[in-house]
Amino acid sequence: MKSIEELVRPNIRSLAPYSSARNEYSGHVARVFLDANENPYNKPFNRYPDPLQEEVKTALRKVKGVREECIFLGNGSDEAIDLPYRIFCRPGVDNVVAIEPTYGMYKVCADINDVEYRPVLLDEKFQINAEKLLNATDANTKLIWICSPNNPTGNCINRDEIVKVITGFDGIVIVDEAYSDFSSERPLRLELDKHPNLIVLNTLSKAWGCAAIRLGMAFASKEIIDIFNKVKYPYNINLLTQQQALESLKDPFTVDNWVKTLLQERERLMAAVKELPITEEVYPTDANFFLAKVTDAQKIYDYLVEEGIIVRNRTRVQLCHNCLRITIGTRSENAELLGALRKY
């Protein structure tokens, strides 16, 4: 592969990052803060938060098994999705390749950054072919996006094919593992040392039940993470988010129990949905949701809305015609969904 320095946009290579007040005295103990034009009253909210979220990263290292210097924290995963475009892709010149169907923000960020987006269709089992993905690249392809477990299909992407893409591509491969806590596969974030061109995304929004605090993660080599920190806004993670993340990370055992319960509910709900006369197919999943092909997705979706039950209609997504994406809820929520569908 090309060196990271070669892949980075020239203007980003030469960028002088903003030096925040909280960075400049790093390594020293301070008692009086008269440097950042803050109001001295209304503690603790009067002070700017730690710009590098070091305490949160230390807690994450224990849970995620990744060194602090290899962790970037973003305002949701969306910030971690946007930054690679800003770092590696020249607007109007470069392009990215992605599997299709997949999470829609990869394309949204490409459009925002004026970067050509090249989707490569999955096969009938929602799997990739590494050769097809690599054949879609050219000299100006900077990123390849792979979501595993994938959204909206739910399945893990074949690991051997992902590795072929990583080792066969000159640029950056980004694997989004937002749903990896629900999968039995070994997370790719634990193999960063093998792949210097790999970025792995993760989030506290799913298994950790913290969607409201907006905390996403990117795991990569220190070289890549240093560039992320150079380009990000100085105080991108607010104090309240950092505090709640620390509180949540104290109790991984509760999260493990949530995951076990959701996996049990997933199997029960999928089995019940398979038996419904409206169901044509329920696809295998490694996530906290599943995709179901039904007789008429739009009509069933509209009916459920009227019943006060919201699922996701994916019928306009490629390979997902007449498919509903159903998230696993509590046992009572799942029972309410089944009751409504049985009356349809």
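## Helices H12 and H13

In this predicted model, helix H12 (residues 297–306) and helix H13 (residues 331–343) have axes that come within 11 Å and cross at roughly 120°. Angles from 65 to 115 degrees count as roughly perpendicular and those over 145 as roughly antiparallel, and H12 and H13 are therefore oblique to each other. Their crossing is right-handed.

On the H12 side, the residues in contact are Ile300, Tyr303 and Leu304, and they meet Leu337, Ala340, Leu341 and Lys343 of H13. Sorted by class, the contact of H12 with H13 has six nonpolar residues, no polar residues and one charged residue.

## Helices H11 and H13

H13 also packs against H11: the axes of these two helices come within 11 Å and cross at roughly 5°. Angles under 35 degrees count as roughly parallel, and H11 and H13 are therefore roughly parallel to each other.

H11 contributes Glu265, Arg268, Leu269, Ala272 and Val273 to this contact, while H13 contributes Arg331, Asn334, Leu337, Leu338 and Arg342. By class, the contact of H11 with H13 has five nonpolar, one polar and four charged residues. Leu337 of H13 is listed in the contact with H11 and also in the contact with H12.

## The sheet of E8, E9, E11 and E10

Four strands make an open sheet, in the order E8-E9-E11-E10, and their pairing is antiparallel. Strand E8 (279–282) and strand E10 (312–313) are at the edges with a single partner strand each, so one side of each has no neighbour in the sheet. E8 pairs with strand E9 (residues 289–294) in the antiparallel sense over three bridges. Within this part of the sheet, Val282 has Ala292 in E9 as its bridge partner.

Helix H11 (residues 252–274) packs on the sheet and touches E8, E9 and strand E11 (323–327). The direction of H11 makes about 150° with that of E8.

Strand E6 (residues 198–203) is mostly covered, with six of its six residues buried. Leu198, Val200 and Asn202 point one way from the strand, and Ile199, Leu201 and Thr203 point the other way; all are buried.

E6 pairs with strand E5 (residues 172–176) in the parallel sense, over four bridges. The bridge partner of Ile174 in E6 is Ile199. E6 is also joined by four bridges to strand E7 (residues 215–219), and E6 and E7 run antiparallel. Here Asn202 stands opposite Met217 in E7. Ile199 and Asn202 point opposite ways from E6, and both are buried.

## Helices H4 and H10

Helix H4 (residues 54–64) packs with helix H10 (residues 239–249) at an angle of about 25°, and their axes are 10 Å apart. That angle makes H4 roughly parallel to H10. The crossing of H4 and H10 is left-handed.

Glu55, Val56, Ala59, Leu60 and Val63 of H4 meet Gln242, Ala245, Leu246 and Leu249 of H10. The residues of this contact divide into seven nonpolar, one polar and one charged.

## Backbone geometry in the loops

Most residues other than glycine have a negative phi, and most peptide bonds are trans. The exceptions described here lie in loops. The peptide bond from Lys43 to Pro44 is cis, with omega near 0°; Pro44 is in the loop between helix H3 (21–24) and H4. Another cis peptide bond joins Ser148 and Pro149, with omega about -5°. Pro149 is in the loop between strand E4 (141–147) and helix H8 (159–168).

Asn37 has a positive phi of about 55°, although it is not a glycine. Asn37 is in the loop between H3 and H4 and is exposed, with a relative accessible area of 79%. Phe126, which is not a glycine either, has a positive phi of about 60°. Phe126 lies in the loop between strand E3 (116–121) and helix H7 (130–135). At 5% relative accessibility, Phe126 counts as buried, whereas Asn37 is exposed.

Terms used
Residues are numbered from 1 along each chain as its sequence is written. This is a predicted model: local features need pLDDT of at least 70, side-chain atom pairs count only at pLDDT 80 or more; totals for chains, interfaces and linings use all residues. Side-chain values use heavy atoms; hydrogens and water are left out. Axes are lines fitted to C-alpha atoms, for helices over the stretch in contact, and angles run from 0 to 180 degrees between N-to-C directions. A crossing is left-handed if the near helix is turned anticlockwise from the far one by less than a right angle, and right-handed if clockwise. Contact means heavy atoms within 4.5 Å. Ala, Val, Leu, Ile, Met, Phe, Trp, Tyr, Cys and Pro count as nonpolar, Asp, Glu, Lys and Arg as charged, and the others, Gly among them, as polar. Two strands pair if DSSP finds at least two bridges between them. Buried means under 20% relative accessible area, exposed over 50%, partly exposed in between (1.4 Å probe, protein chains only).
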